[in-house]
Amino acid sequence: MPTKKTVPKKRTQKKQVVKAAKPQKADFIKPVISAVIILVVVAAIAATYSVIRTAQLKKQANSSQFLTLQDKEKNKTYQIPINPASVALSTTQQATNISVTTSTSPVAISTTAKKSYKELLKPVASKETIPRIDLDEAKYLYKSGKAVFIDARALTEYQEAHIAGAIPIPAGSAATDIPKFANVLKNKVLVSYCHGVGCHLSDKTAYALYDAGYRKVCIFFGGWPQWTQANLPITKKGDSK
Amino acid sequence: MQNKIIGFLSHPITLAVIKIIIGGLFIISSITKLPNPEKFADSIAAYKLVPEILIPPLSILIPWVQVVCGVLLVFDVYSQSAALILCGLLAVYTLSITIDFFRGMQIDCGCFDLLGLDDTIGIRSILRDICFLAMTALVVIFDKNTVNLYGLVKKIFK
């Protein structure tokens, strides 16, 4: 008698296990399949979008562009033809927060710099967008303590005199010198300078810094001449002794 | 205790909140990237992990994937599949950020920076992405893969 009772219990247990296993497999496969379908559809949408966008950009490049100026006093509008290259320049100006505004007189186009200094503390997206800062901005960064000034001039010139606290990374040996100062440069805004307007050593050092992975980089275009004319802190040869 | 935690995590309200948060975040982050694939391409290139040939197609494709999956999650349509795709993306993002962080690179995350937020890669962004990844994984594990619309479909067809 007892043997008859135990047999049916085992059978029901086996059935329950088989029932539970089947839907788990199906639940895992279905989302993967629909995910692949979603990805294919999205890829098709993106491809269509890129084709439309390319066509739009080609049209824009072919058509001539105009800068519209309004003279409020005389109620007249002026259109100055510009080429697409200068349009690209205006977008980089926007990125560095410099806005071109028209004054009441159509002849005088004033470039008013809406200086949001906090922008300077942000990383740049590409070499082309490395901001070129003026004396006020350089002074702000110097006082903030969040910046390291980098002398891109020759080492002998640096030894003669340099901005107080600046470190020497001459443009010619930038690639080899940057790793030496890794601890000083980390998490700082790096401001390169050289002989002022017309000098491109600071650009080269800034680009080398960018290539080395540093993204908070600025170029102080006024450089050493502007800094000394403003009587800002410098270190001369022998000062440190 | 364990059952209670699982019960809470798999509760429809918990999942609905997660879906709205994650979906919304992906929509917001990608909506600025869609019209600016060039800027997003710069962000991808900055990581120095992707071959140059792949940067242009990825800079167009990724924002679209994010926005579509974000919308699907928010509206609870094939949310398990959408979450699965977003999980993959988040895993790649977390890995990339971690690699570049330990390389000592000081770059923009490319996540929410186009909204004007300062978003340099660091421990904060790694932890944030891990958090998002865990939340999205919950949807993959516990949610249903149907046109659900938070139960509205069932109500309509009943």
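**Close-up views of a predicted two-chain model**

**Figure 1. Helix α5 of chain B in the predicted model.** Helix α5 of chain B covers residues 79-102, 24 residues in total, and extends 34 Å from its first C-alpha to its last, close to the 34 Å expected at 1.5 Å a residue. This is a predicted model. The buried residues of α5(B) are B:Ser79, B:Gln80, B:Ser81, B:Ala82, B:Ala83, B:Leu84, B:Ile85, B:Leu86, B:Cys87, B:Leu90, B:Tyr93 and B:Ile97. Just after α5(B) comes B:Gly104, which has a positive phi of about 85°.

**Figure 2. The loop between α4 and α5 of chain B.** Helix α4 of chain B spans residues 55-74, and B:Asp76 is found in the loop between α4 and α5 of that chain. The phi of B:Asp76 is near 60°, a positive value in a residue other than glycine.

**Figure 3. Chain B as a whole.** Chain B contains seven helices and zero strands, and its pattern along the sequence reads α-α-α-α-α-α-α. Of its 158 residues, 40% count as buried. Among the contacts in chain B with a separation of 6 or more, 70% are accounted for by residues 24 or more positions apart.

**Figure 4. The contact between chains A and B.** In this view, 21 residues of chain A are in contact with 22 residues of chain B. On the side of chain A that touches chain B, the residues divide into 13 nonpolar, four polar and four charged. B:Trp64 touches A:Val42, A:Ile45, A:Ala46 and A:Tyr49, not counting residues up to four places away in sequence.

**Figure 5. The largest nonpolar core.** In soluble globular proteins, nonpolar side chains tend to be buried together. The largest nonpolar core of the model has 40 residues, and those with the most contacts inside it are B:Trp64, B:Val65, B:Val68, B:Cys69, B:Ala82, B:Ile85 and B:Leu86. At least two residues of this core are supplied by each of α1 (2-62) of chain A and α2 (12-31), α3 (37-46), α4, α5 and α6 (123-142) of chain B. Helix α4(B) provides the largest share of this core, 10 residues. Apart from this core lies another, of 37 residues, among them A:Ile150, A:Ala171, A:Ile178 and A:Ala206.

**Figure 6. The open parallel sheet of chain A.** The secondary structure of chain A comes to eight helices and 11 strands. Of the 241 residues of chain A, 23% count as buried. Five strands of this chain form an open sheet with parallel pairing, in the order β5-β10-β9-β6-β8. Strands β5 (132-133) and β8 (167-168) of chain A stand at the edges with a single partner strand each, so one side of each has no neighbour in the sheet. A:Ile133 has A:Phe220 in β10(A) as its bridge partner.

**Figure 7. Helices packed on the sheet of chain A.** Helix α3 (residues 135-144) of chain A packs on the sheet, where it touches β5, β6 (147-151), β9 (189-193) and β10 of chain A. The direction of α3(A) makes about 120° with that of β6(A). Helix α7 (residues 201-211) of chain A also packs on the sheet, touching β6, β9 and β10 of chain A. Its direction makes about 175° with that of β10(A).

**Figure 8. Strand β6 of chain A and its partners.** Strand β6(A) is mostly covered, with five of its five residues buried. From this strand, A:Ala147, A:Phe149 and A:Asp151 point one way, while A:Val148 and A:Ile150 point the other way. Five bridges join β6(A) to β9(A), and these strands run parallel. In β9(A), A:Val191 is the bridge partner of A:Phe149. Strand β6(A) also pairs with β8(A), in the parallel sense, over two bridges. Here A:Ile150 stands opposite A:Ile167 in β8(A).

Terms used: Residues are numbered from 1 along each chain as its sequence is written. Chains are lettered from A and ligands numbered from 1 in the order in which they are written. This is a predicted model: local features need pLDDT of at least 70, side-chain atom pairs count only at pLDDT 80 or more; totals for chains, interfaces and linings use all residues. Two residues are in contact if their C-beta atoms, placed from the backbone, lie within 7 Å. Ala, Val, Leu, Ile, Met, Phe, Trp, Tyr, Cys and Pro count as nonpolar, Asp, Glu, Lys and Arg as charged, and the others, Gly among them, as polar. Helices (H or I, at least four residues) and strands (E, at least two) are DSSP runs, numbered from the N terminus. The expected span of a helix is 1.5 Å times one less than its number of residues. A residue is buried if 20 or more other C-beta atoms lie within 10 Å of its own, exposed if 12 or fewer, and partly exposed in between; C-beta atoms are placed from the backbone. Two strands pair if DSSP finds at least two bridges between them. Axes are lines fitted to C-alpha atoms, for helices over the stretch in contact, and angles run from 0 to 180 degrees between N-to-C directions. A nonpolar core is a set of buried Ala, Val, Leu, Ile, Met, Phe, Trp, Tyr and Cys residues joined through C-beta atoms within 7 Å.
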